[in-house]
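Good morning, colleagues. Please look at the sequence and the structure on the screen while I go through the main features.

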Amino acid sequence: MKLGVTLPGWLRARDEQPIDDVIAPVELVKAGLMLFCMIVLVVVSSLMVIWSAHQYRILFNQQQELVQQWDELQVEWGQLLLEQGTLAANNRVESVAIKRLGMRIPEQVEVIRDER
């Protein structure tokens, strides 16, 4: 049954070219082997991404622990500096010198000059 309507060019059936050669099994094996290799490479690549993300998380946790230790050491260092400043104060040194060492403040300062 034919209608009197002409079809556009893109809708018309084209004559297919006959297949002269049969695809050889070797070519199918090559294509299958290539596909298998690509799948293996994709899987290996994804496993490497997973491994590197895991290593990143481990190293990040270690870095955070080291930063926390650094902060604690900074606080301890500040406390030690305060303690050193307290122990080295002039009035403390003078009181320790008098009490423990039996030193005394001189009553008269004598200046001796050496003129040659």
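I begin with a definition: rings of Phe, Tyr and Trp, the last by its six-membered ring, are taken as a pair if their centres lie within 6.5 Å. The model before you is predicted, and by this rule the count comes to one aromatic pair. The partners are Tyr-56 and Phe-60, with ring centres 6.1 Å apart and 25° between the planes. Planes under 30 degrees apart count as stacked, and therefore this pair is classed as stacked. In general, two aromatic rings are described by the distance of their centres and the angle of their planes.

Where does the pair of Tyr-56 and Phe-60 lie? Both residues belong to helix 1, which covers residues 25-87, and they are four residues apart, about one turn of the helix. As to accessibility, Tyr-56 is exposed, because its relative accessible area is 56% and the cut-off for exposed is over 50%. Phe-60, at 39%, counts as partly exposed.

I turn to the chain as a whole. The protein chain has two helices and zero strands. Of its 116 residues, 1% are buried. Its accessible surface comes to about 12,400 Å², and carbon and sulfur atoms account for 62% of that area.

Next, the nonpolar surface. Leu-33, Phe-36, Val-40, Val-44, Met-48 and Trp-51 together make a nonpolar surface patch of about 620 Å². One of these residues, Val-44, is placed in helix 1. Val-44 has a relative accessible area of 43% and is partly exposed; patch members need over 30%, so Val-44 passes that cut-off.

The UniProt record deserves mention here. An unreviewed entry there lists residues 31-53 under "transmembrane region". In the model, that span is 100% helix and 0% strand, and its end C-alpha atoms lie 33 Å apart.

Finally, I come to charged side chains. Side chains of opposite charge can pair when their charged atoms come close. How many salt bridges does a search of the whole structure find? The search finds one. That salt bridge joins the side chains of Arg-113 and Glu-115, with 3.9 Å from N to O; the limit is 4 Å, so the contact qualifies. Arg-113 is exposed at 69% relative accessibility, and Glu-115 is likewise exposed, at 66%.

Thank you for your attention.

Technical notes:
Residues numbered from 1 in each chain as written. Predicted model: local features only at pLDDT ≥ 70, side-chain atom pairs only at ≥ 80, totals over all residues. Heavy atoms only, no water. Phe/Tyr/Trp six-rings, centres within 6.5 Å; stacked < 30°, edge-to-face > 60°. Buried < 20%, exposed > 50% of the residue type's maximum accessible area, 1.4 Å probe, protein only. Patch = residues over 30% accessible without salt bridge, like charges linked within 9 Å, V, L, I, M, F, W, Y side chains within 5 Å. Areas by Shrake-Rupley, 256 points an atom, 1.4 Å probe, with all protein chains shown as cover. UniProt positions renumbered as here; feature names shortened; annotations may be inferred.
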